[in-house]
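Here are my notes for a colleague who is opening this entry without having seen it before. They are set out as numbered points, and each can be checked against the display that follows.

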Amino acid sequence: MLKPFPKPIYVTRPLLPNLHEFHKLLSEVWESQWLTNNGPKHQQLENELREYLKVKYLSIFNNGMTALIAAVQALELTGEVITTPFTFAATPHAIYWNRLKPVFADIKSDNLTIDPLSIEKHITKKTSAILAVHVFGQPCDVVAIDKIAKKHKLKVIYDAAHAFGTEIKGVPIGKFGDITMFSFHATKLFNTAEGGALVFNNSKLKKSIELIKNFGIKNEREVIVSGINGKMNELQASLGLLNLREIKSERIKRQNIRNTYARELKGEAGISLLESPSGIVDSLQYLVLRIDEKVFGISRDVIYRELKKYNVFTRKYFYPLCSDYNCYKTFPSSSKNNLPVANKVVKEVLSMPFYGALKETDVIKICDILKSVKELRINSKRNN
Ligand SMILES: *Cc1c(COP(=O)(O)O)cnc(C)c1O
């Protein structure tokens with residue numbers, strides 16, 4: 001009989017640097033008395049991230065959602081923006097906060113990203129852009145989306161909150177679309193506690209994004225747009241500088257953990273790991289299982305509940321769909337008929353504990369518990 005874990009196992013743990021090292025950087029901040037407004041740590045972090053993500057321009061923000069709101073502003077979008085319902089709340093909210101209308105397109109069953117065929121069906125005279133999400137680090141169909149955007153003269157923003165370090169056939173994920181957003185929230189692979197960034201290839205955007213990020217202040221005499229406060233402070237930038245050095249070893253640990261999950265669950269009918277196709281460098285931010293209830297015999301929700309009894313806290317990302325939120329459910333594009341794949345997938349996915357410090361023996365035990373849940377099926381059949 002398997003015993004519950006003595007301490008809770010959560011879906012993730014934030015990457016944290018050595019506290020002594022952090023203290024050293026904070027001493028420098030104290031010495032300089034420069035706490036925010038494009039300070040030296042902020043500048044250094046921007047440079048290091050630009051190199052790490054291999055992009056031309058990068059602008060750090062205080063969180064991913066502010067960055068997304070600023071991206072919509074910078075591209076001067078209007079009317080309707082086509083997006084996915086299978087994402088975190090920040091994605092459609094960033095459209096809505098710009099007083100634009102999110103229009104939901106369906107997703108693809110294989111990698112859960114927005115379906116280009118469904119995008120095309122939702123284009124109207126009012127459509128100004130596509131806001132696509134590299135969900136769970138799985139790259140969108142960037143070639144097809146680019147084609148649609150060119151044909152209909154639409155802008156493209158990518159939400160790459162899950163895709164830090166993802167590459168498509170050697171091309172860094174930040175190279176696609178007009179603007180790509182990253183989130184550095186504590187739960188993401190790379191974190192600054194709260195934080196984010198926009199990356200882009202157009203030099204003209206650099207000026208407007210910097211302006212929007214800093215209240216629209218051009219100089220001491222002129223405020224030229226109604227901007228926002230999107231600045232990151234020196235304390236968080238210091239945390240980022242140290243965490244960035246840990247990413248390489250964190251990713252190696254996570255790759256090993258992923259291999260263990262894959263090995264332990266191999267051949268388990270009805271359970272599969274969401275995996276990147278060949279040619280894709282995976283961000284390793286999430287470990288997502290898909291549960292086919294008909295084959296496994298037990299639903300995702302029951303697995304989620306049973307694992308909790310053993311002190312294993314998984315997450316049903318991204319349940320509920322954004323199209324089911326009170327604020328969006330009355331939109332015509334939110335109807336279940338319009339989003340059949342998203343409505344099916346959202347009942348199948350389960351994000352499992354996944355972080356570098358997770359022990360291999362714990363992963364094996366989590367998989368054993370998962371496999372033992374099947375016995376409920378046999379018992380429930382007997383009782384019937
Ligand atoms: C985390 C996340 C964001 C941004 O979140 P912040 O907490 O504001 O940094 C945006 N989109 C997705 C898909 C996310 O998971």
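1. The largest cavity holds about 50 Å³ of space, and please keep in mind while reading this and every later value that the model is predicted. The residues that line the largest cavity are V11, T12, T187, Q285, Y286, L287, Y317, S351, M352 and F354. Sorted by class, this lining comprises six nonpolar and four polar residues, with no charged residue among them.

2. A search through the whole structure for cavities of 30 Å³ or more returns two of them. The second largest cavity has about 40 Å³ of space, and its lining is made up of F136, Q138, R258, L274, D282, Y286 and V288. By class, the lining of the second largest cavity divides into four nonpolar residues, one polar residue and two charged residues.

3. When the lining of the largest pocket is divided by class, it gives 13 nonpolar, nine polar and five charged residues.

4. Where does the ligand sit? The ligand is placed in the largest pocket, and the elements that supply two or more residues to the shell around it are α3, spanning 64–74, α4, spanning 90–96, and β8, spanning 179–183. There are 15 residues around the ligand, of which G64, D159, H162, S183 and K188 come nearest. By class, the shell around the ligand consists of five nonpolar, eight polar and two charged residues.

5. A polar side-chain atom of D159 lies 2.6 Å from a nitrogen atom of the ligand, while a backbone N or O atom of M65 is found 2.9 Å from an oxygen atom of the ligand. In the case of K188, an N or O atom of the side chain is 3.0 Å from an oxygen atom of the ligand. On its own the ligand has 380 Å² of accessible area, and the protein covers 93% of that area.

6. The peptide bond that joins Y317 and F318 is cis, with omega at about 0°, and F318 belongs to the loop between α10 (300–309) and α11 (340–345).

7. Which residue other than glycine has a phi near 55°? That residue is K54, whose phi has a positive value. K54 lies in the loop between α2, covering 40–53, and β1, covering 57–61.

Definitions and conventions. Residues numbered from 1 in each chain as written. Predicted model: local features only at pLDDT ≥ 70, side-chain atom pairs only at ≥ 80, totals over all residues. Heavy atoms only, no water. Near = heavy atom within 4 Å. Polar contact = N/O pair within 3.5 Å; in protein donor to acceptor, adjacent residues only side chain to side chain. Areas by Shrake-Rupley, 256 points an atom, 1.4 Å probe, with all protein chains shown as cover. 1 Å grid on protein atoms, 1.4 Å probe; cavity = no way out; pocket = protein on both sides within 12 Å on 5 of 7 lines; lining within 4 Å. Sits in = over half its atoms within 2 Å of the grid points. Helix = DSSP H or I, 4+ residues; strand = E, 2+ residues; numbered from the N terminus. Nonpolar A, V, L, I, M, F, W, Y, C, P; charged D, E, K, R; others polar. Points joined across faces, edges and corners; volume = space filled by probe spheres on them.
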